[in-house]
Amino acid sequence: MKQSELAKSLKLFIGLTCIILAICAFVIIPKAGKDMALESPEYSYLYYPFLVFIWITIIPFYAALFEGWKISNEINKDNSFSKKNMDSLNRIRRYALSECFLYFVGALILLYFNLLHLSILIIILFVIFIAMCISVFAAVLAHLVQKAYDLKNENDLTI
């Protein structure tokens, strides 16, 4: 696969992810929350705090997608092993860790108010696990890109 094809595929994937996330966050989740509030009026006061929490946790996700977009631009320029990509991967790692932190704090708040149902706990643990995997994967890739960048610079100096 050529670099331009890879970059186009990555951009298509990132664009579709942005659209799907926006539809979920601003259409599906609010509708599902309203339906749940109608079914269980005793929990209807949690609708807006839950919605705000979801919208806050989307911010690091979109920031990581933006960094992925920048990486795909560098790949398209045939500049895969660059300091920019290494820095972007490190920012993606930090964004994933911030997702872990946000969901962990959310779980603690729900636990404090005795609202942490088992199904909610499973979802939160799943999100934390996925975010941790992304963080580790981004850290490993950043390290590999740094090593390749150093080798490339060393090779350029010897020519």
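Select Ile128 to begin: leaving aside its neighbours within four places in sequence, Ile128 is in contact with Cys100, Tyr103 and Phe104. Contact here means heavy atoms within 4.5 Å. The model on the screen is predicted, so local features need pLDDT of at least 70 and side-chain atom pairs count only at pLDDT 80 or more, while totals for chains, interfaces and linings use all residues. Residues are numbered from 1 along each chain as its sequence is written, and side-chain values use heavy atoms, with hydrogens and water left out.

**The cores**

Now select Leu21, Ala25, Ile54, Ile58, Cys100, Tyr103, Ala107, Ile124, Ile128 and Ala131; these 10 residues form the largest nonpolar core. A nonpolar core is a set of buried Ala, Val, Leu, Ile, Met, Phe, Trp, Tyr and Cys residues joined through side-chain atoms within 4.5 Å. Buried means under 20% relative accessible area, exposed over 50%, and partly exposed in between (1.4 Å probe, protein chains only). Which helices supply this core? At least two of its residues come from each of α1, α2, α3 and α4. Helices (H or I, at least four residues) are DSSP runs, numbered from the N terminus. Another core lies apart from this one; it has nine residues, among them Ala64, Ile92, Ala142 and Val145.

**Helices α1 and α2**

Colour α1 (residues 3-39) and α2 (residues 47-76). Their axes are 9 Å apart, and the two helices pack at an angle of about 175°. Axes are lines fitted to C-alpha atoms, for helices over the stretch in contact, and angles run from 0 to 180 degrees between N-to-C directions. Angles under 35 degrees count as roughly parallel, over 145 as roughly antiparallel, 65 to 115 as roughly perpendicular and the rest as oblique. Helices α1 and α2 are therefore roughly antiparallel to each other. The contact of α1 with α2 has 23 nonpolar, eight polar and two charged residues. For this count, Ala, Val, Leu, Ile, Met, Phe, Trp, Tyr, Cys and Pro are nonpolar, Asp, Glu, Lys and Arg are charged, and the others, Gly among them, are polar.

Stay in α1 and select Thr17. Is Thr17 buried or exposed? Thr17 has a relative accessible area of 18%, so it is buried. Not counting residues up to four places away in sequence, Thr17 touches Phe61 and Leu65.

Next, go to Ile29, also in α1. Ile29 has 25% relative accessibility and therefore counts as partly exposed. With neighbours within four places in sequence left aside, its contacts are Cys24, Phe50, Leu51 and Ile54. To try the distance tool, pick the C-alpha atoms of Ile29 and Val105: they are 76 residues apart along the chain and separated by 20 Å.

**An aromatic pair**

The structure holds four aromatic pairs. For one of them, select Tyr47 and Tyr48: the ring centres are 4.8 Å apart and the planes stand at 75°, so the pair is edge-to-face. Rings of Phe, Tyr and Trp (its six-membered ring) pair if their centres lie within 6.5 Å; planes under 30 degrees apart count as stacked, over 60 as edge-to-face and the rest as tilted. Tyr47 counts as buried at 10% relative accessibility, whereas Tyr48 counts as exposed at 54%.

**The loop between α2 and α3**

Select Asp78, in the loop between α2 and α3 (83-112). Its phi is near 60°, a positive value in a residue other than glycine. Asp78 is exposed, with a relative accessible area of 53%.

In this loop, Ser82 comes next on the tour. Ser82 has a relative accessible area of 5% and is buried. It is in contact with Glu74, Val145 and Tyr149, leaving aside its neighbours within four places in sequence.

**Into α3 and beyond**

Select Asn85 in helix α3. What does Asn85 contact, leaving aside its neighbours within four places in sequence? The contacts of Asn85 are Lys70, Ile71, Glu74, Asn79, Ser80 and Val145. Asn85 counts as buried, at 2% relative accessibility.

Move on to Asn114, in the loop between α3 and α4 (118-158). Asn114 has a phi near 60°, a positive value in a residue other than glycine. Its relative accessible area is 70%, so Asn114 is exposed.

End at Leu144, in helix α4. Leu144 counts as partly exposed at 48% relative accessibility. From Leu144 to Val127 it is 17 residues in sequence and 26 Å in space, C-alpha to C-alpha.
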